[in-house]
Protein chains: 14
Amino acid sequence: MSDMHWFVILSTVGAALAIAIGVLAPGLAMGKAIAQALDALARQPEAEKAITRTLFIGLAMIESLAIYVLVVVLIILFRNPLIEYLLK
Amino acid sequence: MSDMHWFVILSTVGAALAIAIGVLAPGLAMGKAIAQALDALARQPEAEKAITRTLFIGLAMIESLAIYVLVVVLIILFRNPLIEYLLK
Amino acid sequence: MSDMHWFVILSTVGAALAIAIGVLAPGLAMGKAIAQALDALARQPEAEKAITRTLFIGLAMIESLAIYVLVVVLIILFRNPLIEYLLK
Amino acid sequence: MSDMHWFVILSTVGAALAIAIGVLAPGLAMGKAIAQALDALARQPEAEKAITRTLFIGLAMIESLAIYVLVVVLIILFRNPLIEYLLK
Amino acid sequence: MSDMHWFVILSTVGAALAIAIGVLAPGLAMGKAIAQALDALARQPEAEKAITRTLFIGLAMIESLAIYVLVVVLIILFRNPLIEYLLK
Amino acid sequence: MSDMHWFVILSTVGAALAIAIGVLAPGLAMGKAIAQALDALARQPEAEKAITRTLFIGLAMIESLAIYVLVVVLIILFRNPLIEYLLK
Amino acid sequence: MSDMHWFVILSTVGAALAIAIGVLAPGLAMGKAIAQALDALARQPEAEKAITRTLFIGLAMIESLAIYVLVVVLIILFRNPLIEYLLK
Amino acid sequence: MSDMHWFVILSTVGAALAIAIGVLAPGLAMGKAIAQALDALARQPEAEKAITRTLFIGLAMIESLAIYVLVVVLIILFRNPLIEYLLK
Amino acid sequence: MSDMHWFVILSTVGAALAIAIGVLAPGLAMGKAIAQALDALARQPEAEKAITRTLFIGLAMIESLAIYVLVVVLIILFRNPLIEYLLK
Amino acid sequence: MSDMHWFVILSTVGAALAIAIGVLAPGLAMGKAIAQALDALARQPEAEKAITRTLFIGLAMIESLAIYVLVVVLIILFRNPLIEYLLK
Amino acid sequence: MSDMHWFVILSTVGAALAIAIGVLAPGLAMGKAIAQALDALARQPEAEKAITRTLFIGLAMIESLAIYVLVVVLIILFRNPLIEYLLK
Amino acid sequence: MSDMHWFVILSTVGAALAIAIGVLAPGLAMGKAIAQALDALARQPEAEKAITRTLFIGLAMIESLAIYVLVVVLIILFRNPLIEYLLK
Amino acid sequence: MSDMHWFVILSTVGAALAIAIGVLAPGLAMGKAIAQALDALARQPEAEKAITRTLFIGLAMIESLAIYVLVVVLIILFRNPLIEYLLK
Amino acid sequence: MSDMHWFVILSTVGAALAIAIGVLAPGLAMGKAIAQALDALARQPEAEKAITRTLFIGLAMIESLAIYVLVVVLIILFRNPLIEYLLK
């Protein structure tokens with residue numbers, strides 16, 4: 001059953017690296033958006049409502065990208081559809 | 001059935017890395033667009049409607065790029081058209 | 001039929017990586033264009049019509065680049081013209 | 001039981017590198033957000049409440065990305081669902 | 001017919017990567033040109049005609065670079081002139 | 001007992017590199033936050049209390065990222081849960 | 001005829017990568033030149049004639065660099081002078 | 001005793017590289033913080049006390065990151081807990 | 001005649017990559033020079049003659065660098081002086 | 001005694017590279033701190049005492065990082081504690 | 001005569017890559033110098049003589065660097081002094 | 001005596017690369033410090049004494065980093081303490 | 001005489017790459033110095049004598065670095081002192 | 001005498017690359033220092049004496065770094081102290 005081992009090992013390592021790489025861009029994007037929101041708040045405090053609403057919608061959009069990666073990683077770890085070709 | 005194992009393993013790892021790399025650019029692009037939208041809101045609060053509309057259309061365009069990657073990844077994981085050459 | 005396996009595996013992995021890499025530049029370009037459009041809207045709200053029209057034409061041009069990559073990837077996954085040399 | 005060794009070794013190393021890489025983006029993003037919050041405080045001290053609230057929500061969103069990585073790492077170290085295929 | 005397989009596999013992967021890499025520069029260049037055009041529109045709305053004309057000629061020039069790559073990729077996929085040396 | 005050696009060696013090297021890489025982002029983030037705090041102090045000395053409080057909360061958040069890495073490294077060095085599969 | 005295969009394969013892949021890499025610099029250069037031309041138009045609309053003339057001569061010079069690469073790539077694909085040493 | 005040699009060699013090299021890499025971020029962060037403190041002193045000499053206190057707390061926080069790495073390196077060199085598995 | 005094949009293959013690939021890499025710097029340099037010329041034209045239209053003359057001499061100097069690479073590449077493809085050592 | 005050779009060779013090379021890499025960050029940090037101190041002196045000559053004191057404390061902190069690396073390198077070269085496992 | 005082949009092949013490839021890499025810095029330097037000369041012309045048209053003279057001397061100095069590389073490449077291609085050790 | 005050769009060869013190459021890499025950071029740091037000192041002199045000529053003194057102390061500190069590397073390199077070339085394990 | 005071939009081949013390739021890499025920094029440095037000299041001329045035409053003198057001394061210093069590399073390359077190509085160990 | 005060949009070959013290549021890499025930082029540093037000196041001259045012509053003196057001392061300090069590398073390279077080429085272990 002040596003081949004099964006390779007499948008398990010590489011899936012595990014691939015999942016770990018994928019989530020680690022996959023949060024890079026969302027992380028940097030969030031940092032940029034939040035920093036700019038704070039800057040906007042400091043310059044125009046009375047526009048707080050519009051700024052906060054736009055920021056939250058934006059963060060949700062960015063978070064969705066991280067969720068895509070997390071979903072693929074969890075599919076690979078818990079319920080890989082390709083595994084049926086190995087168990088047959 | 002050793003070859004099938006290689007197919008499953010490399011498809012899994014390739015899919016994980018592809019989605020991780022594929023959200024890089026959309027993530028950074030969203031971060032930039034949202035940050036600029038917040039900056040625009042702070043400078044011209046009365047143009048909020050035009051800014052929000054342009055931002056949402058832009059985010060949808062960027063999201064489409066991430067969706068392209070996600071679709072290819074899901075095709076590979078769930079219904080790879082090339083697999084028929086292996087099962088014959 | 002071991003060679004066919006290599007063809008299927010490398011096509012799959014190549015397609016996944018190609019679409020992941022291929023959306024990098026369009027993503028960053030869209031982010032830049034949209035961010036600048038928002039900045040232009042904030043500075044010159046009355047030029048909204050010209051800005052929006054130029055932005056949409058530009059986004060379409062950029063999107064065309066991502067489509068080129070997607071088309072090549074789908075050709076490889078679904079109807080690779082080179083495959084006839086393997087099935088003969 | 002040589003294969004089990006490879007699984008343990010690569011899981012351990014993969015987990016260590018994944019958490020090390022996975023805190024890169026959240027770390028940089030936090031640094032950027034906090035720095036901008038301090039700048040905003042210095043420019044608009046009276047908006048402290050709005051700034052602090054936005055900062056904390058933002059830091060929580062960013063922290064969530066690091067938590068995603070940590071969770072995947074801990075799953076791999078303590079309760080890897082793929083391990084059942086090896087123990088059968 | 002093992003050599004033919006290598007030819008098909010590497011042509012496919014090479015074509016996929018070439019189009020993915022080849023749209024990088026045109027994509028970034030378009031993003032820059034469009035962003036600057038929007039900035040120019042915001043600063044000098046009455047020069048819209050000259051700006052738009054220059055932008056479109058420029059985008060066509062940049063697009064030509066991506067077309068070069070696409071043409072070479074399609075030649076490789078559909079009608080590779082070097083293939084006659086293999087079929088003799 | 002050659003496999004055990006590989007486990008010990010790679011765990012040791014992996015732990016050393018993980019902590020070395022893992023302090024990169026927290027280090028840079030702290031440098032940025034502290035530098036900005038000093039800049040804020042110089043511009044708005046009377047806001048010292050708010051600046052210091054925000055800075056310390058921020059540093060604690062960033063430190064938490066480094067602690068995540070340190071904890072995983074210490075788990076690997078002192079009490080690796082995966083080791084039970086090797087000693088059985 | 002195995003050596004001939006290597007020649008065909010590596011020529012094909014080399015040509016694909018060369019054209020992909022070779023349009024990088026011309027693409028970025030065109031983007032920069034066009035962006036600056038648009039900026040110049042916005043600042044000095046009455047100098048449109050001189051700006052356009054200089055831009056077109058410049059784009060032609062840059063295009064010549066991409067043509068150099070394309071010519072070498074087409075020579076390699078269609079009429080490689082070194083091939084006579086292989087057919088003798 | 002060849003395996004023991006590999007353990008000693010790789011531990012030594014890993015420790016040397018880990019401390020070399022691990023001081024990168026703290027070094028850059030300190031440079032940034034100190035440079036900003038000097039800039040702050042030049043702009044607001046009368047805030048010297050607050051600046052110096054914030055700087056020293058910050059340097060201590062950054063130093064703690066370097067200490068984490070140093071501690072792990074010294075543990076590996078002088079008292080590696082994993083070594084008991086090799087001496088049994 | 002296997003060695004001759006290696007010579008032909010590597011010369012072909014080397015030539016393709018050399019011209020692709022060799023136009024990088026001239027391309028970027030031209031882009032910079034032309035962009036600056038356009039900027040100069042916009043700021044000082046009456047100095048058009050001096051600007052154009054300097055630009056053309058500069059472009060010729062830069063083009064000479066690309067020509068150096070092209071000449072070496074064509075020497076390698078069409079009339080490699082080292083080939084006499086192989087045909088003897 | 002071939003294993004001892006590997007130990008000596010890799011320790012020597014590792015020590016040389018570690019000290020070479022380890023002075024990177026302290027060097028850049030010192031350069032930044034000193035440059036900023038000179039800038040501060042030019043802007044606020046009368047604050048020379050505070051600037052000089054802060055600079056020297058900062059340089060000592062940075063130097064400590066280089067010393068950490070030097071100490072580990074000298075331990076490896078002159079008195080490696082792990083060597084006892086090899087001489088037993 | 002297999003060794004002679006390796007010499008010819010690697011000299012050819014090395015020469016091609018050396019000239020391609022060797023024009024990088026001169027190209028960028030020329031681009032920078034010419035761009036700055038154009039900027040200087042636009043700001044101080046009456047200093048054209050001094051600017052042109054300094055630019056030409058500078059371009060000649062930079063060109064000399066590219067010539068160094070070209071000379072070494074031509075020596076290697078046409079008259080390699082080390083070749084006498086091979087023909088003896 | 002083949003092992004001794006490897007020791008000599010790798011020590012030589014390692015020493016050459018270590019000193020080449022080790023002067024990178026001190027070189028850049030010196031360039032930055034000197035450039036800033038010249039800038040400070042131009043802005044505040046009457047503070048020449050303080051500037052010069054600070055610059056020289058700074059250059060000495062930076063030079064010390066290069067000396068660390070040089071010392072380790074010379075130890076390796078002339079009097080490597082680890083060599084006694086090889087000559088026994 | 002196979003070893004002599006390796007010596008000749010690697011010396012040739014090493015020399016070609018060394019001169020190609022070695023002109024990078026002098027080239028960029030010259031470009032920067034000349035560009036700044038032109039800028040200085042445009043801002044202070046009456047200081048032309050001092051500027052030109054400083055520029056020429058600076059260019060000579062930078063050229064000396066390229067000469068160091070050229071000398072080592074020519075020593076390797078024409079009169080390598082280590083060659084006596086091979087001819088004995 | 002095959003080992004001696006490896007020593008000669010790698011020493012030659014290592015020396016060539018070391019001097020090529022070792023002039024990188026001094027070159028860039030000189031470029032920066034000279035450029036800043038020219039800028040300082042243009043802004044404060046009457047401080048020419050102080051500027052020139054500081055520049056020359058600085059250039060000498062930077063040159064010393066390149067000399068360190070050159071000395072180690074020449075030691076390796078002409079009088080390597082480690083060679084006695086090979087000739088015994």
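How far apart are the nearest C-alpha atoms of chain D and chain K? They are 31 Å apart, and the two chains do not touch. Keep in mind that everything in these views comes from a predicted model.

**View 1. Pairs that stay apart.** Chain D and chain K make no contact, with 31 Å between their nearest C-alpha atoms. Chain B and chain L are also without a contact, and here the closest C-alpha atoms lie 31 Å apart.

**View 2. Where chain D meets chain A.** Here 44 residues from chain D and 45 residues from chain A make up the contact. The two chains bury about 3,900 Å² between them, and 80% of that is on carbon and sulfur atoms. Look for D:Tyr68, D:Leu82 and D:Tyr85: this trio supplies 16% of the area that chain D buries against chain A, more than any other three residues.

**View 3. Polar links between chain D and chain A.** Two salt bridges are counted between these chains. One salt bridge to zoom in on pairs A:Glu48 with D:Arg53, with the closest N and O atoms 2.4 Å apart. Seven residue pairs are in polar contact across the interface of chain D and chain A, both residues being at pLDDT 80 or more. On the side of chain D that touches chain A, at least two residues come from each of α1 (2–22), α2 (24–43), α3 (48–78) and α4 (84–87) of chain D. The biggest giver is α3(D), with 16 residues. Sorted by class, that side of chain D has 29 nonpolar, nine polar and six charged residues.

**View 4. A closer look at α2(D).** Helix α2(D) runs for 20 residues and reaches 29 Å from its first C-alpha to its last, close to the 28 Å expected at 1.5 Å a residue. The helix α2(D) is also mostly covered, with 16 of its 20 residues buried.

**View 5. Chain H against chain J.** This contact brings together 45 residues of chain H and 44 residues of chain J. Between them, chain H and chain J bury about 3,900 Å², 80% of it on carbon and sulfur atoms. On the chain H side, H:His5, H:Leu38 and H:Leu77 lose the most area to chain J, together 14% of what that side buries. What about salt bridges? There are two across the interface of chain H and chain J, and H:Asp39 and J:Arg43 meet in a salt bridge at 2.3 Å, N to O. Polar contacts link seven residue pairs across the interface of chain H and chain J, both residues at pLDDT 80 or more. Two or more residues of the side of chain H that touches chain J come from each of α1 (2–22), α2 (24–43) and α3 (48–78) of chain H. By class, that side holds 34 nonpolar, six polar and five charged residues.

View 6. H:Ala18 sits in helix α1 of chain H. Is H:Ala18 buried or exposed? Its relative accessibility is 0%, so H:Ala18 counts as buried. Leaving out residues up to four places away in sequence, H:Ala18 touches F:Ala16, F:Ala20, H:Val69 and H:Val73. H:Glu84 is another matter: H:Ala18 and H:Glu84 are 66 residues apart in sequence and 22 Å apart in space, C-alpha to C-alpha.

**View 7. M:Asn80 in its loop.** You'll find M:Asn80 in the loop between α3 (48–78) and α4 (84–87) of chain M. M:Asn80 counts as buried because its relative accessibility is 5%. Its side chain reaches the backbone nitrogen of M:Leu82 at 3.0 Å. Not counting residues up to four places away in sequence, M:Asn80 touches M:Phe7, M:Ile75, N:Thr12 and N:Leu77.

View 8. Over all chains, the count comes to 42 salt bridges. I:Glu48 and G:Arg53 form one, their closest N and O atoms being 2.4 Å apart. I:Glu48 lies in helix α3 of chain I and G:Arg53 in helix α3 of chain G, so this pair joins two chains. I:Glu48 is partly exposed at 23% relative accessibility, and G:Arg53 is partly exposed at 43%. J:Glu48 and L:Arg53 also meet in a salt bridge, at 2.4 Å, N to O. That pair crosses from helix α3 of chain J to helix α3 of chain L.

Terms used. Residues numbered from 1 in each chain as written. Chains lettered and ligands numbered in written order. Predicted model: local features only at pLDDT ≥ 70, side-chain atom pairs only at ≥ 80, totals over all residues. Heavy atoms only, no water. Contact = heavy atoms within 4.5 Å. Buried area = accessible area lost by both parts, 1.4 Å probe. Salt bridge = Lys/Arg side-chain N within 4 Å of Asp/Glu carboxyl O. Polar contact = N/O pair within 3.5 Å; in protein donor to acceptor, adjacent residues only side chain to side chain. Helix = DSSP H or I, 4+ residues; strand = E, 2+ residues; numbered from the N terminus. Nonpolar A, V, L, I, M, F, W, Y, C, P; charged D, E, K, R; others polar. Expected span 1.5 Å × (residues − 1). Buried < 20%, exposed > 50% of the residue type's maximum accessible area, 1.4 Å probe, protein only.
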